Amino acid sequence: MSIIRRVRDITAATLNERLEKSEDPVRLIDQFLWSTREEIIQCEKLYQQYNEHNHHLKSQWLQADQHKEKREQQAMTALKAGEEHLARIALHEKQSAEERANQYRELYEQSSSNVAELEDQLRELRSEYQTVYDKREYYAARMESLRLQQRMNARYGVQGQEPGSMFRRLEDRISDMELEAKSLREIRRFGAEVLHEAGSRVQSVVERELELLKRKLEKEGWSSSS
């Protein structure tokens with residue numbers, strides 16, 4: 001089982017899947033980098049503590065082992081001197097020292113295994129961090145390219161009209177205005193002609209009426225000269 005428990009919201013296993021759905025991949029990657037960096041810091045602290053503890057266990061193990069060897073030598077010296085009682089006391093202490101040495105050795109071996117696991121986890125975290133950091137630079141460059149492209153498209157939409165297209169539209173507009181002016185002139189001329197024609201018709205009717213009145217008066221014996 002892992003020594004440290006992963007508490008990150010984003011892991012390397014799910015990062016790619018979440019990147020595909022994210023509208024802001026750089027922000028998502030920054031969250032991953034921040035949480036991974038925090039985990040690396042905590043793992044480094046734990047690694048340092050384990051190393052210090054490991055050195056202490058090894059020191060205790062070697063010290064107990066040396067004590068065992070020393071008591072064994074003392075027991076041999078006591079036997080050579082014919083002091084069996086002292087030899088038994090030395091051998092008893094030797095057994096106690098050997099038991100402590102075995103206990104500390106087991107603890108040291110277990111601690112060394114944990115230190116090795118922590119080293120592997122640190123290498124994995126640092127490798128993840130570097131890989132994702134490189135990916136962040138790539139996505140940041142892509143997002144910047146997209147931002148500049150959008151700005152260019154916006155500017156092109158306003159000012160990027162082709163001169164030929166622009167002048168064609170201007171030509172069409174001027175032609176429409178000329179056609180409207182020509183139509184207005186024709187309407188005015190037609191109106192003047194109609195008014196003139198109407199005036200002529202009215203004058204003709206007046207003259208006819210005048211002739212009719214003259215004839216009527218002549219029949220009644222009235223003369224225009226009188």
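Predicted model: local features only at pLDDT ≥ 70, side-chain atom pairs only at ≥ 80, totals over all residues.

The entries below go from a helix to the core and then to the salt bridges.

Entry 1: I then looked up helix α2, which runs over residues 25–80, and checked its length: its 56 residues should span 82 Å at 1.5 Å a residue, and the C-alpha atoms at its ends lie 81 Å apart, which agrees. Just after α2 I came to Gly 82, which takes a positive phi of about 80 degrees.

**Entry 2: the core.** Which residues make up the largest nonpolar core? I found five residues in all, namely Ile 40, Cys 43, Leu 118, Leu 122 and Leu 125. The elements that give two or more residues to this core are α2 and α3, the latter covering residues 84–159, and I wrote down that α3 gives the most, with three residues. As a reminder to myself on spacing, an α-helix has 3.6 residues a turn, so residues three or four places apart point the same way.

Entry 3: I turned to the charged side chains, where the count comes to ten salt bridges. One of these joins Arg 136 to Asp 30, with the closest N and O atoms 2.5 Å apart. Arg 136 sits in helix α3 and Asp 30 in helix α2, so I recorded a link between distant parts of the chain, 106 residues apart. Asp 30 counts as partly exposed, at 31% relative accessibility. I also saw that Asp 30, Arg 136 and Glu 137 are linked in a network of salt bridges.

Next I looked up Glu 44 and Arg 126, whose side chains meet in a salt bridge with an N to O distance of 2.8 Å. Because Glu 44 lies in helix α2 and Arg 126 in helix α3, this pair ties together parts that are 82 residues apart in sequence. Glu 44 is partly exposed, with a relative accessible area of 26%, and Arg 126 is partly exposed as well, with a relative accessible area of 41%.

**Entry 4: a pair of neighbours in number.** Last I looked up Lys 68, which forms a salt bridge with Glu 69, the closest N and O atoms being 3.7 Å apart. Is Lys 68 buried or exposed? I found Lys 68 to be buried, because its relative accessible area is 14% and the cut-off for buried is under 20%. Glu 69, by contrast, is partly exposed, with a relative accessible area of 37%.

Terms used. Residues numbered from 1 in each chain as written. Heavy atoms only, no water. Core = buried A, V, L, I, M, F, W, Y, C linked by side-chain atoms within 4.5 Å. Buried < 20%, exposed > 50% of the residue type's maximum accessible area, 1.4 Å probe, protein only. Helix = DSSP H or I, 4+ residues; strand = E, 2+ residues; numbered from the N terminus. Salt bridge = Lys/Arg side-chain N within 4 Å of Asp/Glu carboxyl O. Expected span 1.5 Å × (residues − 1).
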